[in-house]
Amino acid sequence: MRVAQIRSQFLEFFATKGHEVVPSSPVVPHDDPTLLFANAGMNQFKSVFTGEESRDSTRASSSQKCIRAGGKHNDLENVGYTARHLTFFEMLGNFSFGDYFKEEACVWAWELITEKFGIDADRMWISVYHEDDDARAIWADRVGVPADRIVRLGEKENFWSMGDVGPCGPCSELHVDRGEKESCGPNCALGVCDCDRWMEIWNLVFMQFEQQPGGGRIALPRPSIDTGMGLERITMVLQQKNTVFETDLLAGIIEQIGEVTGVAPSSGPEGTPHRVISDHLRSLSFAIADGAFPSNEERGYVLRRILRRASRYGYKLGMERPFIHQLVGHLVSEMGDAFPELIERQPLIEKLVHSEEEQFLRTLKTGMTRFDEEVARIETGDGQQFPSTAAFFLHDSCGFPIDLTEQMAKEVDLAVDRDGFDLLMDEQRTRSRAGSKVLAVSSGSSSEGSRIDGAGATEFVGYQSGQAEATVNTLFSAGDHSVLVLDRTPFYAESGGQVADTGTIDGEGFQLEVLDCQKNADGTFLHAVRLVEGEPAQVRSGMSVHCNVDTIRRQHVVRNHTATHLLHAALRQVIGDHVQQKGSLVSPERLRFDISHYEKIQPEALAEVEQRVQEWVLRDVELTIHDGIPIEEAKARGAMALFGEKYGDRVRLVEVPEISLELCGGIHCQRTGEIGPMIIVHEGSVSSGVRRIEALTGVGGASRTRADEDLLHDLSLLLRVPREDLHDRIGSLVRENRSLKDGKGSAPSKNLLSDLDAGHGETRTAGSAEVVIATWQDAPQEQLLQVADALKRRGGNRAFILVSSGNDEIRFIVGTSESLPSGTVHAGKVAQLGAGILGGGGGGRPDMAQAGGKAVDRLPEAIDQMSRSLEDSLAGKGA
């Protein structure tokens with residue numbers, strides 16, 4: 001029986017028992033920020049089980065896509081080494097929402113397993129919670145399972161809970177005895193060992209209690225059923241295979257891996273790479289198809305870890321080029337009929353996987369060489385631990401997730417110094433936070449914070465007006481400014497990327513300038529203020545004040561904020577709906593929008609995005625704000641939410657009809673026409689897998705257009721050609737200049753710093769810092785050093801890569817500005833990384849290093865890898 005038949009037979013069986021067959025929800029639960037990935041069939045019914053939502057049908061069944069590779073449920077380390085563990089699998093399940101209970105669940109499970117699937121009843125064993133006499137009696141008396149094959153187990157094995165509080169209950173598991181040949185020894189027994197003889201195939205959860213905060217449990221008024229059976233495991237049993245990797249679900253992929261790599265699969269340890277890659281390919285493909293994206297954060301980092309594990313196992317098979325993306329087509333041909341989203345997203349999956357493979361392979365060989373050197377050094381001494389400094393280098397400079405290094409160390413019987421590694425990571429995070437802007441106001445245990453204990457949430461009235469009457473709660477000092485707490489306020493507190501309002505607060509005999517506004521965890525608005533008129537003593541608790549928001553400044557802000565919603569919608573239409581917001585800054589001067597995307601956005605695509613936004617602006621569409629609607633209603637309407645954001649039961653929904661629908665607490669224009677001109681002025685990399693777009697709107701956009709027009713006019717006059725001929729004329733001048741250089745053998749002596757200031761090279765944004773990259777042909781080292789010294793002394797946080805490219809040799813300098821917090825970047829390590837790619841050597845101090853190499857053709861790769869390392873460090877993110 002093939003897997004497709006098994007899946008359909010399960011669903012058809014429960015359809016005959018009155019169950020509604022429900023499609024799998026996405027493996028990426030965009031509407032549930034508490035989950036990285038769907039990890040059980042009940043995830044999509046969680047709100048039904050908790051009573052927050054009701055369904056027309058009280059019975060359901062499904063085949064749910066699941067990934068268990070992070071958080072509480074994590075099978076990543078076991079994949080390829082056991083017969084049954086996978087990171088991606090399908091969970092077959094049947095559910096009762098206050099309808100049938102234990103007896104029907106047990107009887108139907110036994111009927112399906114023994115009669116429909118035809119598994120010998122004598123091979124079946126049952127485990128029950130040791131206090132659940134009802135379940136034991138049903139199995140023994142109603143189903144007829146011999147008493148000696150019903151095993152009572154404890155809470156760890158046979159009691160399930162949704163969380164610290166909420167629905168919970170005992171469970172009963174069905175196990176297949178795979179025979180003496182799979183036994184682990186004389187003491188092998190269900191509940192005693194965890195070997196592959198006792199294959200758990202189905203878990204029946206009896207939700208009959210509610211866990212209380214104090215630790216007690218009360219009976220649920222309507223007990224429910226939640227069951228889960230791994231499709232791959234039951235397929236393994238029915239197809240009489242020794243492992244899940246031998247089933248028709250995975251065997252074809254493994255054969256394809258053998259063909260692509262030239263290394264034949266094996267059922268032994270040498271076949272571990274094939275098994276790992278086959279599983280990881282499925283996790284990557286389904287997650288990307290459902291909207292996840294490799295990155296350095298949350299579920300994106302889990303995907304990156306999965307891919308890098310697969311890539312490293314490919315390296316063990318001799319693959320030093322990208323190849324995993326070549327396997328996507330075979331997976332789609334195997335599973336596309338059941339999951340058409342794979343067919344629809346196949347090009348995107350292949351592009352993303354290929355891009356991630358290329359990125360990691362740039363440093364994989366360097367990392368493997370360093371790892372082997374460390375192992376050899378340990379073997380010649382008496383150490384038993386892989387050093388934390390080496391593990392940190394592999395993580396920070398080569399992109400090795402720590403669990404990958406631990407797996408590699410385990411293969412050579414070593415343990416990684418994890419405590420030391422964690423300490424180094426903490427130190428790096430501390431350095432990254434140094435110099436960051438942090439408002440010196442909190443509701444914690446400080447003396448300032450204690451003064452606002454009990455203040456509670458401030459009423460925000462700024463959606464309606466920029467003015468309000470309010471009552472003073474308290475005023476206290478916080479360094480070079482004071483903090484004022486009011487009972488109500490029109491000042492928007494910085495949140496969701498939108499900067500805080502500024503303005504004035506007037507009272508009897510005094511005026512305060514509002515410099516900033518933040519909101520603490522209690523919902524108290526903390527106004528950072530400076531006394532303009534009067535004395536501090538005149539500001540007293542209980543007195544009335546008049547608040548005035550700087551509405552002109554706010555209007556600039558809201559134009560940019562509404563523009564980000566249009567920009568987001570346009571990017572998803574033009575670039576693809578895999579685009580997700582990763583961060584934003586909405587200020588009076590500009591907007592900055594970070595998105596998930598795997599490559600540079602081409603100018604033509606940016607132009608189309610800009611044009612769509614401008615068309616929507618010209619439509620002058622009226623925005624609709626839905627205040628306080630239930631979160632479930634917002635999700636049902638298709639509202640976009642940010643992963644990791646915590647939303648309450650009721651939310652604020654900002655709708656631009658037929659264009660955009662997002663959960664947002666910010667202040668917006670009333671109509672899109674208020675935005676005015678919107679001009680994209682920059683697109684670049686923030687970190688791997690994240691692109692940043694900066695744009696101007698309103699007056700700023702108009703001013704930029706005027707400046708661009710003036711520049712074109714001046715260039716036209718300077719070069720004495722019509723503006724429509726500027727492109728050809730400048731191109732001609734560039735070619736003439738190159739010709740002159742080639743004729744003399746080298747460029748004439750010039751001031752490289754002036755060249756840089758005139759626009760030579762590239763500047764990228766990384767967090768609150770910048771990365772300057774410039775390459776010159778045959779530039780003297782002395783002049784490179786002069787530029788480096790100047791960049792070090794200039795204000796602002798920056799790192800730089802300065803390159804002299806010759807016909808036979810590359811020389812370069814990596815450095816940082818003096819103002820950059822110590823330890824944020826290690827220039828010497830970055831230089832070594834580049835030199836390794838160029839086949840050379842070099843190094844230096846954390847703030848300045850020189851290196852070079854002979855592999856001239858690999859210069860773009862070296863610059864790309866060094867710049868990525870600098871950008872990740874400056875943005876405070878690991879590899």
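Angles over 145 degrees between N-to-C directions count as roughly antiparallel. The model I am reading is predicted.

**Entry 1, helix pair.** I looked up H11 (residues 341-380) and H12 (residues 388-398). Their axes come within 10 Å and cross at roughly 170°. The crossing angle is over the cut-off, and H11 and H12 are therefore roughly antiparallel to each other. On the H11 side I noted Phe-360, Thr-363, Thr-366, Gly-367, Arg-370, Phe-371 and Glu-374 in the contact. H12 contributes Ala-390, Phe-393, Leu-394, Ser-397 and Cys-398. Sorted by class, the H11 contact with H12 holds 6 nonpolar, 4 polar and 2 charged residues.

**Entry 2, open sheet.** I traced an open sheet of 6 strands, with mixed pairing and the order E29-E30-E31-E32-E34-E33. Strand E29 (762-766) and strand E33 (841-844) are the edges, and each pairs on one side only. From one strand to the next, the twist averages 15°. I then checked E33 against strand E34 (residues 848-853), and the two pair in the antiparallel sense over 4 bridges. For Gly-843, I found Gln-850 as the bridge partner in E34.

Helix H23 (residues 827-838) lies across E32, E33 and E34, and runs at about 160° to E32.

I listed the largest nonpolar core, which has 94 residues. The members that touch the most others are Ile-113, Trp-139, Leu-174, Ile-201, Trp-202 and Ile-234. I opened Trp-202 for its contacts beyond four places in sequence; among them are Phe-10, Phe-14, Asn-94, Leu-112, Ile-113, Glu-173, Leu-174 and Met-229. A second, separate core has 53 residues, including Tyr-492, Ala-493, Cys-517 and Ala-695.

I found Leu-76 in the loop between strand E4 (73-74) and strand E5 (88-96). Is Leu-76 buried or exposed? Buried means under 20% relative accessible area. Leu-76 has a relative accessible area of 0%, so I logged Leu-76 as buried. Leaving out residues up to four places away in sequence, Leu-76 touches Arg-68, Thr-87, His-280, Arg-305, Ile-306, Arg-309 and Asp-403. I also took the C-alpha to C-alpha separation of Leu-76 and Ala-135, which are 33 Å apart in space and 59 residues apart in sequence.

Terms used
Residues numbered from 1 in each chain as written. Predicted model: local features only at pLDDT ≥ 70, side-chain atom pairs only at ≥ 80, totals over all residues. Heavy atoms only, no water. Core = buried A, V, L, I, M, F, W, Y, C linked by side-chain atoms within 4.5 Å. Buried < 20%, exposed > 50% of the residue type's maximum accessible area, 1.4 Å probe, protein only. Contact = heavy atoms within 4.5 Å. Pairing = 2+ DSSP bridges. Axes fitted to C-alpha atoms, helices over the stretch in contact; angles between N-to-C directions. Parallel < 35°, antiparallel > 145°, perpendicular 65-115°, else oblique. Nonpolar A, V, L, I, M, F, W, Y, C, P; charged D, E, K, R; others polar.
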